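I opened my notebook and the viewer side by side. Here is what I looked up.

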There are 2 protein chains.
Amino acid sequence: MKVVKFGGSSVASATQLKKVANIILQDKERQLVVVSAPGKRFSSDRKVTDLLIEVGKKKEENKEFEETLQAVIGRFQQILEGLSLSTQLTERVRDHIVSIVRGESDDAYRMDALKAVGEDTLAQILSLYLNDIGHKAAYVNPKEAGIMVSDEPGQARVLEESYAQLYELRNREEIVVIPGFFGYTKKDQLMALPRGGSDITGAIVAAGVKADLYENFTDVDSVYCVNPMIVSNPKEIHALTYKEMRELSYAGFSVFHDEALNPAFQAKIPVCIKNTNRPEKPGTMISAERNLTNGPVVGIASDDGFLSIYVSKYLMNREIGFGRHLLQILEEEGISFEHAPSGIDDMSVIVREEQLPPHKEELVLKRIQHELKVDTVSVERDLAMIMIVGEGMNSTIGVTSKASASFERARVNIEMINQGSSEVSMMYGVKKEGLSRAVQSLYETFFVQVSKEAERAK
Amino acid sequence: MKVVKFGGSSVASATQLKKVANIILQDKERQLVVVSAPGKRFSSDRKVTDLLIEVGKKKEENKEFEETLQAVIGRFQQILEGLSLSTQLTERVRDHIVSIVRGESDDAYRMDALKAVGEDTLAQILSLYLNDIGHKAAYVNPKEAGIMVSDEPGQARVLEESYAQLYELRNREEIVVIPGFFGYTKKDQLMALPRGGSDITGAIVAAGVKADLYENFTDVDSVYCVNPMIVSNPKEIHALTYKEMRELSYAGFSVFHDEALNPAFQAKIPVCIKNTNRPEKPGTMISAERNLTNGPVVGIASDDGFLSIYVSKYLMNREIGFGRHLLQILEEEGISFEHAPSGIDDMSVIVREEQLPPHKEELVLKRIQHELKVDTVSVERDLAMIMIVGEGMNSTIGVTSKASASFERARVNIEMINQGSSEVSMMYGVKKEGLSRAVQSLYETFFVQVSKEAERAK
């Protein structure tokens, strides 16, 4: 039994939905389907969910929302027509939206109810379509499915008891279509899940029914081993472990929100990332273990927008509690840190730049100066981080050596290295201007040369 | 004007003291002399200070101490006879020790007074000898010199007002001989300085008189660029910066207690480490700046006896305060940490093994498990740290690359790397068994090959 989830661009139009239906019908194991709301059809298009949020905001501001509401209805109408289905459903959807907007509930609850309309309607349409083309399918509301969540609007967490009830879905004989992105509290209040919501629903359902596979259909062929904005046509990653995926996601590398997959990872269900537009491609399989092929490095993640807070104080090394106190100041100022490399008498704390806007910088530096009596404290901006990821890499002699030679060839100075905690990654800090040169050089070393060597060995 | 300090082995016997006098008289700038107590003459010998401590302990335990006292007196007698001086002084020393022992003061104060007898007597002997061979010299007690300290027995800190008074010593015309290791409180109570006490006295005097140079005479020709126990006959370091010295001292690399030199460093007075037995050798000059010659690396420090506490927790990265909380647990248990490299969902804390004896390990791991709800927590022992030190190294592209290639050639896996905070060092963690192979390989790369290249370039 497989759980299949389709993202926003996969369900953006009738054409896309026909592909979706084909994919579902190609494999009779694909019995449970989770859908997003219709996404963008072209780059300047608007997502249905964003339109729905606009309806809610206009209501809050007592503005006219009819035009936006019409845009939502228009999208569904177009899809229904494109699938040659009756557009009767759109009337019910309109009435439903109007009743939410006019309802008495709190703004946060109302917004969640509005946001859910996109997924909910799309699930109904897909189910109608599948039946229309002669296959038994049923729309199943998350309440009926058993997705119970905490009472936290926009941030709901799935309750443990959901899983047992979801298991019952195994007994359904028709194809089950469930809208992603929302669940219900014990008091039957609709509640939206956080970012990556439909991915979460898919992962929960997969864990609940103990699926053999969770297929996550997006609009890319696979996860790439390096950012395609830096290296054109990079190699695809065909197999990843959960751990590797997690490390690669760190620097915004992922095509989806990795935390959303957690319920599937926890239940040890393999996840396959595939492309709705090219379902014949193998995609990327993410599982607990993988065969180590093609060298120890599986991918290179990178991102800029980091800064380093550097403090030095003579004999810092002898001062018990210094590092803790420094981190505590940051914590009290609501700043989350990424790494904290330390020397004998100095320590740097790496944070994302948005964590320390200029107005906060002054305050934080003053507190550090004053409370820790440091000799110097300074901030270096425009840093970038590069993460080299691969299981077992840490025990392979020579990866560090190859990596640093790559930086040298790219004429990029390594500002910092953090290695030693994780078994599956090494982190390098460089100046932003050297980022893309360094990544290209690392890609050359760990992917192009490695395959040439493998080729020659044959 | 130079301040010259002679360590315990330099003043261990009459023969040594003759060398000391020669060194002082060779350069008329050597006007201020600080001496330690007589150290060991041969490896199984006992230091005079240790004998004096034994006298104090025996008194505390109400045991007979005459024999130990006689050993102390014997040492001074031998020195006086060897220098053809009257042994009358020994009677006064004996009476002085007996009066300290019989005195009413607290154990801690008594112990400090006893410990000081070695330096105090030796300074008097050296002054007598210099006069005897026809040079004007005067023993100056630390009280007279102006060395005022806090009331912390065995741990006294120098008071700021000392420096102005010490400056007056510039006006003395004779050679001034000051006993190291102790000072006086404002209430005239004698108080011993912490470990490295005579080095501290020398540094304070040098700072106080604004000396041009502080010469620290020991029994080695210089600081070596690598541990001579690992590489035989390693190269000498002729010039070091304060910062480099501090980093090299980290792993117990130093021939002296680096913190003791701090007052001189703060006053920007250069320090020269020289050998009493071979004063013609250039020694090692430590100053605020140095010419960058012979490549970016100046030395390699290394030590074993470290362990790593590894914790992992899914989504640790998102948990503000996690790192701080972990360090706080260690702080509360009195454990000081060296480094704390972190990954996405994991963090390691490197501590010296003596900080976490087995009985404490269980408690600490339980607290981490319980308070931080981590997925895993474990301890890895038998780690060694290697510190590659050199000013400007961090901005030299390729040092990292050369270093990691050296580890690879030595077939030593790098367990962790910490680089990025200090501008002058890179830290590598390896398994203890690979330590000496790795250090030999790094020495080969950064010292043997570098000089060969320099040779060829000529």
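I began with contacts in chain A, meaning heavy atoms within 4.5 Å. Among those between residues at least 6 apart in sequence, 74% join residues at least 24 apart.

I noted the ground rules next. The model is predicted, with local features needing pLDDT of at least 70 and side-chain atom pairs counting only at pLDDT 80 or more, while totals for chains, interfaces and linings use all residues. Residues are numbered from 1 along each chain as its sequence is written, chains are lettered from A and ligands numbered from 1 in the order written, and side-chain values use heavy atoms, without hydrogens and water.

Then I checked the overall form. The C-alpha atoms of chain A fill a box of roughly 75 × 65 × 40 Å along the principal axes.

How many residues are buried (under 20% relative accessible area, 1.4 Å probe, protein chains only)? Of the 458 residues of chain A, 59% are.

I counted secondary structure as DSSP runs, with helices (H or I) of at least four residues and strands (E) of at least two, numbered from the N terminus. Chain A has 15 helices and 17 strands.

I picked helix α6 of chain A, residues 117-132. Its 16 residues reach 22 Å from first C-alpha to last, close to the 22 Å expected at 1.5 Å a residue. That expected span is 1.5 Å times one less than the number of residues. In α6(A), 13 of the 16 residues are buried, so the helix is largely enclosed by the rest of the structure. Just after α6(A), I found Gly134(A) with a positive phi of about 95°.

Methods:
Buried means under 20% relative accessible area, exposed over 50%, partly exposed in between (1.4 Å probe, protein chains only).
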